[in-house]
Amino acid sequence: MFSGAVRKASTLKQRARDAYKARRKVQQLSVDQLLANAPLFASLSMEERTDLADQCITAEFRKGEVISQMGDYSDQMCLVARGAVRLSVEGTEVAAVEPGGSFGDDSLMHDLRRSSTATASTCLLYTSPSPRAQRGATK
């Protein structure tokens, strides 16, 4: 009787794990989807977006990890594929970026320092290649 209950609990636990994994797969967007939906890249052709997607870097962060600090210099834009990122200014949350969203486009386009701190809530990001790195690679 006891072993049947353990087996049933184990089966339920496995079903819950499988359902969680299935939800995570559905909620994860590809870099191609993210670039196609990002206003900054809307004017690019499919071929240009594919080239950019090939250069993007994948990064995974655990809950509470700081992705970028307010005031830091950065010339990369981040596209959120899964999870969420909390943007805060001096400890106060100013925005939450969910799958399909992005941050850092001002830094990328205008050579600015980060205007907020980005903290992960367990997420997967794709970061755009640095324009400086691209220029260096073509020399």
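A residue counts as buried when its relative accessible area is under 20%, as exposed when it is over 50%, and as partly exposed in between (1.4 Å probe, protein chains only). Arg 82, at 10% relative accessibility, therefore counts as buried. Keep that term in mind as we tour this structure, which is a predicted model: local features need pLDDT of at least 70, side-chain atom pairs count only at pLDDT 80 or more, and totals for chains, interfaces and linings use all residues. Residues are numbered from 1 along each chain as its sequence is written, and side-chain values use heavy atoms, with hydrogens and water left out.

**The overall plan**

- The protein chain holds 5 helices and 8 strands; helices (H or I, at least four residues) and strands (E, at least two) are DSSP runs, numbered from the N terminus.
- Reading from the N terminus, the elements follow the pattern α-α-α-β-β-β-β-β-β-α-β-β-α.
- Of the 139 residues in the protein chain, 32% are buried.
- Contact means heavy atoms within 4.5 Å. Among contacts between residues at least 6 apart in sequence, 73% join residues at least 24 apart.

**How confident is the prediction?**

- pLDDT is the predictor's confidence in each residue, from 0 to 100. The protein chain averages 79, and 73% of the residues score at least 70.
- Strand S4 (residues 85–89) has the highest mean pLDDT among the elements, at 95, while helix H5 (residues 131–138) has the lowest, at 45.
- Over residues 132–139, pLDDT stays under 50, and the model has 5 contacts beyond four places in sequence for this stretch.

**An open sheet and its salt bridge**

- Four strands form an open sheet in the order S1-S8-S3-S6, with antiparallel pairing. Strand S1 (57–61) and strand S6 (102–103) are at the edges with a single partner strand each, so one side of each has no neighbour in the sheet.
- Two strands pair if DSSP finds at least two bridges between them. Strand S3 (residues 78–82) and S6 run antiparallel and are joined by 2 bridges, and Leu 79 stands opposite Ser 102 in S6.
- A salt bridge is a side-chain nitrogen of Lys or Arg within 4 Å of a carboxyl oxygen of Asp or Glu. A search of the whole structure turns up 1 salt bridge.
- The side chains of Arg 82 and Glu 60 meet in a salt bridge at 2.3 Å, N to O. Arg 82 belongs to strand S3 and Glu 60 to strand S1, so the pair ties together parts that are 22 residues apart in sequence.
- Thr 127 lies in strand S8 (residues 123–127) and is buried, with a relative accessible area of 10%.
- Apart from neighbours within four places in sequence, Thr 127 is in contact with Cys 56, Ile 57, Gln 76, Met 77 and Cys 78. Its C-alpha atom is separated by 9.9 Å from that of Asp 75, 52 residues away along the chain.

**Strand S7 and its partners**

- S7 runs antiparallel to strand S2 (residues 66–68), to which 2 bridges join it; Ser 68 has Ala 118 in S7 as its bridge partner.
- S4 also runs antiparallel to S7, with 4 bridges between them, and Ser 88 stands opposite Thr 117 in S7.
- In a regular strand the side chains alternate between the two faces of the sheet. In S7, Thr 117 and Thr 119 point one way and Ala 118 and Ala 120 the other way, and all are buried.
- Thr 119 has 13% relative accessibility. Not counting residues up to four places away in sequence, it touches residues including Gly 64, Val 66, Ala 84 and Arg 86.

**Two loop residues to look at**

- Arg 114 sits in the loop between helix H4 (105–110) and strand S7 (117–120). This residue is buried yet has no salt bridge: the nearest side chain of opposite charge, Asp 105, is 7.0 Å away. For charge, Lys and Arg count as positive and Asp and Glu as negative, while His and the chain ends are not counted.
- The side chain of Arg 114 reaches the backbone oxygen of Gln 76 at 2.9 Å. Among the other residues in contact with Arg 114, beyond four places in sequence, are Ser 68, Asp 72, Cys 78 and Phe 103.
- Glu 90 lies in the loop between S4 and strand S5 (92–97) and counts as exposed at 74% relative accessibility. Its phi is near 50°, a positive value in a residue other than glycine.

Notes. A polar contact is a pair of N or O atoms within 3.5 Å; within protein, one must be able to donate a hydrogen and the other to accept it, and residues adjacent in sequence count only if both atoms are side-chain atoms.
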